[in-house]
Amino acid sequence: QVFRSRFGHHGPRLLRLPGSTRRGRSAMTSPMKRPAAAMDQDKELSFPKGFMWGSATASYQIEGAAAEGGRTPCIWDTFCATPGKVKNGDSGAVACDHYHRFKEDVKLMKELGFPAYRFSISWSRLLPKGRGEVNPEAVKFYAGLIDELVANNIRPLVTLYHWDLPQCLEDEYGGWLDRKIIDDFEYYAKVCFEQFGDKVTDWITFNEPWCSTVLGYANGEMAPGRKEKPDTEPYLASHHIILAHAKSVVLYRNEFKAKQKGVIGITLNMDWREPLTSSEEDKAAAQRALDWQLGWYADPIWKGDYPESMKKRCGDRLPAFTEEEKKMIKGTSEFFGLNHYATAYTQAPDGAAKSVSMWGNIQEGGYFEDQQIQLIDDARWKRTDMDWGVVPWGMRKMCEYIQEVYKPEGGIIVTENGCAVLEDTVEQAKHDTERVEFLQGYVAQLHQAIQNGADVRGYFAWSLMDNFEWALGYGKRFGIIRVDYVTQERTPKASALMFSEVCKTNVLKVPARVYEEAKFIMITPSTHRKSTKDAPVSDLLAKD
């Protein structure tokens with residue numbers, strides 16, 4: 001298994017064998033061959049009435065003003081200040097300066113016709129001591145942002161936790177490793193509901209807990225940077241996150257929902273996992289991959305307990321919920337928030353599973369070995385500047401899986417989807433064809449999922465603007481609006497203009513070529529499987 005750690009989004013890094021491409025602009029120019037007859041007519045895909053379109057950001061990635069307005073450090077401030085943890089020693093100290101420029105940014109959203117905006121609140125800005133006294137300057141900032149959005153007919157979706165735990169709570173009791181965090185998060189959530197719930201009716205408790213726990217407590221490549229106990233700490237931190245989520249939802253329902261009439265849920269990240277073959281071993285491996293990332297959180301929330309595969313393989317290393325906790329947790333998400341970026345074929349490994357992080361660090365044991373999977377990609381796939389495969393059909397299969405397995409009553413909302421593109425100049429950014437076609441392909445397959453019965457009700461592009469990409473600093477650009485980090489000038493890219501038309505019309509116009517290339521084509525022995533079998537894992541890791 002080769003683990004592709006997204007540092008902000010997402011899971012396993014892929015085995016890439018001879019014949020596959022590297023990252024960058026040229027890496028997104030090798031489509032699979034399709035019959036010429038299928039390429040002759042552009043498509044217009046209409047979405048259901050009321051479908052929610054928007055863009056997304058996160059507080060630490062865009063706000064800046066890290067030492068202003070009463071804010072205290074979060075674990076990412078500390079992580080960024082630790083030598084060697086973040087590329088170029090970058091940090092979110094200034095970022096996109098959204099704290100001072102939010103009115104300008106909302107104006108851009110309005111001009112582009114984006115109907116909704118997902119952002120997160122900084123816990124350490126709102127509650128500088130992690131609990132207790134509320135910071136009035138933080139209330140003024142977030143209330144001002146929300147008022148500006150509402151005044152411009154932009155629907156706010158608020159994420160309570162996008163990885164920026166107050167450092168004081170980490171110092172006091174170890175943050176997510178201690179049950180004390182559950183009550184502290186519940187108090188923080190209550191403050192948010194009290195202060196902003198009169199105008200916010202869409203709440204997300206946690207963004208991608210998999211990233212917070214696996215990358216934060218198993219490989220140490222995200223804050224708080226722990227990797228000493230990958231066999232227990234990721235499971236313990238996740239256990240407390242699930243309980244904190246559930247208690248906050250129960251609180252909202254009991255004290256705020258009747259008056260504020262909002263909805264509340266969670267966002268989980270998952271790349272699709274396709275069995276490499278029809279063998280029972282590969283099917284089981286693909287299911288384990290889904291269980292260890294998506295089911296880990298979704299099963300307790302929609303079914304009442306952890307996946308059986310995890311309980312069986314982890315034993316007492318996986319904390320157990322009490323019967324009372326199971327009842328409290330089940331049903332505590334009123335929609336299924338999904339962040340989706342990529343796809344991989346999955347097979348059962350020969351021997352113990354190994355992984356390599358984006359930094360090239362070999363990982364084994366604990367969480368990384370528990371699932372026993374090996375991930376493989378197709379050499380024909382285009383690749384983004386993160387070196388992730390571009391696989392639109394994975395979006396369709398992911399949504400269809402969620403619909404079949406969890407049947408979320410409030411539907412599925414894709415709360416993040418997007419790609420990094422190499423853009424060295426403003427001119428390159430203004431003509432980001434790779435991102436345009438990425439979004440067209442993925443949204444086209446999302447449309448197909450809806451046609452096939454998946455109850456998808458919204459889509460948010462990641463990201464509204466270029467920003468601090470966690471441990472990769474400012475080296476990767478995901479935005480549909482370019483940010484000059486020196487002047488803070490914003491420049492809409494071609495992808496923003498394309499997405500603007502989709503938002504305004506509720507219709508995706510997609511070139512026939514892009515539409516056809518987005519469809520499923522099975523991997524073949526010549527495009528990966530044979531090479532995978534022939535190459536020793538140690539050689540693959542060394543080449544990667």
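This is a predicted model: local features need pLDDT of at least 70, side-chain atom pairs count only at pLDDT 80 or more; totals for chains, interfaces and linings use all residues.

User: Which residue of β16 stands opposite Ala-56?

Analyst: Strand β2 (residues 52–56) also runs parallel to β16, with five bridges between them. Ala-56 belongs to β2. The residue that stands opposite Ala-56 in β16 is Trp-462.

User: How many of the residues of strand β16 are buried?

Analyst: Strand β16 covers residues 456–462 and is mostly covered. A residue counts as buried under 20% relative accessible area. Of the seven residues in β16, the number that are buried is six.

User: How many residues apart in sequence are the parts tied together by the pair of Trp-123 and Tyr-188?

Analyst: The rings of Trp-123 and Tyr-188 are stacked, at 4.7 Å centre to centre with 5° between the planes. Trp-123 lies in helix α4 (residues 123–126) and Tyr-188 in helix α7 (residues 180–196). Trp-123 is buried at a relative accessible area of 0%, and Tyr-188 is buried at 0% as well.

User: Is His-98 buried or exposed?

Analyst: His-98 is placed in helix α3 (residues 98–112). Leaving aside residues up to four places away in sequence, His-98 touches Ile-62, Glu-63, Asp-105, Tyr-117, Phe-141, Leu-145 and Arg-490. Its relative accessibility is 2%, and the cut-off for burial is under 20%, so His-98 counts as buried.

User: How many of the 23 residues of α9 are buried?

Analyst: Helix α9 (residues 233–255) reaches 33 Å from its first C-alpha to its last, close to the 33 Å expected at 1.5 Å a residue. The helix is largely enclosed by the rest of the structure, because the number of its 23 residues that are buried is 17.

User: Over the ring of which residue does the charged end of Lys-397 sit?

Analyst: The charge may be located by its distance from the ring centre. The charged end of Lys-397 is 4.3 Å from the centre of the ring, and that ring belongs to Phe-520.

User: How many disulfides does a search of the whole structure find?

Analyst: Among the cysteines, Cys-192 is buried at a relative accessible area of 0%, and Cys-314 is buried at 4%. A disulfide would require a pair of cysteine sulfur atoms within 2.5 Å. Over the whole structure, the number of disulfides found is zero.

Technical notes:
Residues are numbered from 1 along each chain as its sequence is written. Side-chain values use heavy atoms; hydrogens and water are left out. Rings of Phe, Tyr and Trp (its six-membered ring) pair if their centres lie within 6.5 Å; planes under 30 degrees apart count as stacked, over 60 as edge-to-face and the rest as tilted. Helices (H or I, at least four residues) and strands (E, at least two) are DSSP runs, numbered from the N terminus. Buried means under 20% relative accessible area, exposed over 50%, partly exposed in between (1.4 Å probe, protein chains only). A charge sits over a ring if NZ of Lys or CZ of Arg is within 6 Å of the ring centre and within 35 degrees of the ring normal. Contact means heavy atoms within 4.5 Å. The expected span of a helix is 1.5 Å times one less than its number of residues. Two strands pair if DSSP finds at least two bridges between them.
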